[in-house]
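Subject: Structure handover

Hi,

Here is the structure I promised to pass on. Have a look at it first, then read on for what turned up.

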Amino acid sequence: MQPPLTIVNLATDESFINYCLNRNTADTARWKQFAADHPELRPMLEEATVFVMALHHHGQVAESTVQKKKLQELMRQGQHDPLQVQVGSNKLRPLFIRIAAAVILMLIATGTYYQWNLSYPTKKIIVSTRKGQLKRFVLPDSSVVWLNAATTIRFNEPFARNRSLELLDGEAYFQVVHDSKHPFSVMTASGMKVTDLGTAFSVKSYNSFTMERVGVIEGVVTVSNNKYKADSVKAGQATISDKTTGALRMETFTAADGRWMSGTVTLTNVSFEELRQDLERLYNIQIIFDTPGIASCRITTSFSNIDPISQILDALHMIYGITYTYNGNAIHIKGQPCK
């Protein structure tokens, strides 16, 4: 009879230990596939991984004199340890595995684990896209992130206990898995924090632009920074915030506005300057305004990210009267300044 799948049993299973310590490819492949087949168990797997890593470096686990003495006493008792955990093949684990199980239980009983879990070194993961590239990425908690062109995100592993992610630069769309005990949050480089419990939303915060936008497609999020308190943003709404002044305004936000990852880019009441930056990132080109006054003009437009740039510029010519010329990899645009 197989034992129940618990953190202790995982942390005393040789195959799982091999996976955590990357000792052989077979066990690594086995547990990666298990995690993929059972996304609902990923938080437990991450917890157990932290246990194994800490036990592997057990000298860093119990920093206080009391905890060190308890650990030494357990090791002296050795074969008399009462914990004889059976896993998988129903054979007794080696002595150091039984001691590891005892240490786990000791840490849980004393509450040391929680302090150790917070102080244990984390691994920083960075995911980015280049100009002209979109990327779909699945986070360890099974939430899905789409990265727009020239975007960089960063998060720590283990991820399940603290589902916090940094949007260092760019635009990202999030489909968040619900977990009421561990809210999902996104922090931008300017200090704006977006928090939710399970929804779909988009955050646009390029470092080269003074404004940042949070648009909600499903559910509710809260938006805050050091200049204003948390405000709730519901489905169909967007917040536009000024990074410099902290000024915040609400706008409507349609599904089309936030579905750029499907290939259709919809820009509603944005400046020509924002359009220019988006086109430069998507097409990896340079756009120069020969008439600087048009940069602040407002525009509403929609196009496919596979459309030739000339087709987009032709549409802007017909609707807004701009003219354009090519000079190598640069496109020069002229038009009437806004009144």
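Before the rest, some bookkeeping. This is a predicted model, in which local features need pLDDT of at least 70 and side-chain atom pairs count only at pLDDT 80 or more, while totals for chains, interfaces and linings use all residues. Residues are numbered from 1 along each chain as its sequence is written, and side-chain values use heavy atoms, with hydrogens and water left out.

The overall picture

The protein chain has nine helices and 20 strands; these are DSSP runs numbered from the N terminus (helices H or I, at least four residues; strands E, at least two). Of the 339 residues in the protein chain, 46% are buried. Taking contacts (heavy atoms within 4.5 Å) in the protein chain with a separation of 6 or more, 52% are between residues 24 or more positions apart.

S15 is found in helix α2 (residues 14-20). Leaving aside neighbours within four places in sequence, S15 is in contact with D27, R30 and W31. Polar contacts here are pairs of N or O atoms within 3.5 Å; within protein, one must be able to donate a hydrogen and the other to accept it, and residues adjacent in sequence count only if both atoms are side-chain atoms. By that rule the side chain of S15 has a polar contact of 2.8 Å with the side chain of D27, and another of 2.9 Å with the side chain of W31.

D27 and W31 are among the buried residues of α3, along with T28 and A35. The exposed residues T25 and A26 sit on the face of α3 turned away from its buried side. At the start of α3, a side-chain oxygen of N24 comes to within 3.3 Å of the backbone nitrogen of A26.

The length of α3 (residues 25-37) checks out too: its 13 residues should span 18 Å at 1.5 Å a residue, and the end C-alpha atoms are 18 Å apart, which agrees. The expected span is 1.5 Å times one less than the number of residues.

The cores

A nonpolar core here is a set of buried Ala, Val, Leu, Ile, Met, Phe, Trp, Tyr and Cys residues joined through side-chain atoms within 4.5 Å. The largest one has 25 residues, and F174, V194 and F201 have the most contacts inside it. Strands that each supply at least two residues of this core include β3 (123-128), β7 (164-175), β10 (200-205) and β11 (211-218). The largest share, four residues, comes from β7.

Strand β11 is worth a click: six of its eight residues are buried. β11 runs antiparallel to β10, with five bridges joining them (strands pair if DSSP finds at least two bridges between them). The two form a hairpin with five residues between them, and K204 has R213 as its bridge partner in β11. β11 also pairs in the antiparallel sense with β14 (residues 237-242), over five bridges, with M211 opposite D242.

Most residues other than glycine have a negative phi. S142, not a glycine, has a positive phi near 80°; S142 is in the loop between β4 (135-138) and β5 and is partly exposed at 21% relative accessibility. N284 also has a positive phi, about 55°, in the loop between α8 (272-283) and β17 (286-289).

Lastly, I288 lies in strand β17. I288 and I333 are 45 residues apart in sequence, with their C-alpha atoms 6.2 Å apart in space.

Cheers

Definitions and conventions:
Buried means under 20% relative accessible area, exposed over 50%, partly exposed in between (1.4 Å probe, protein chains only).
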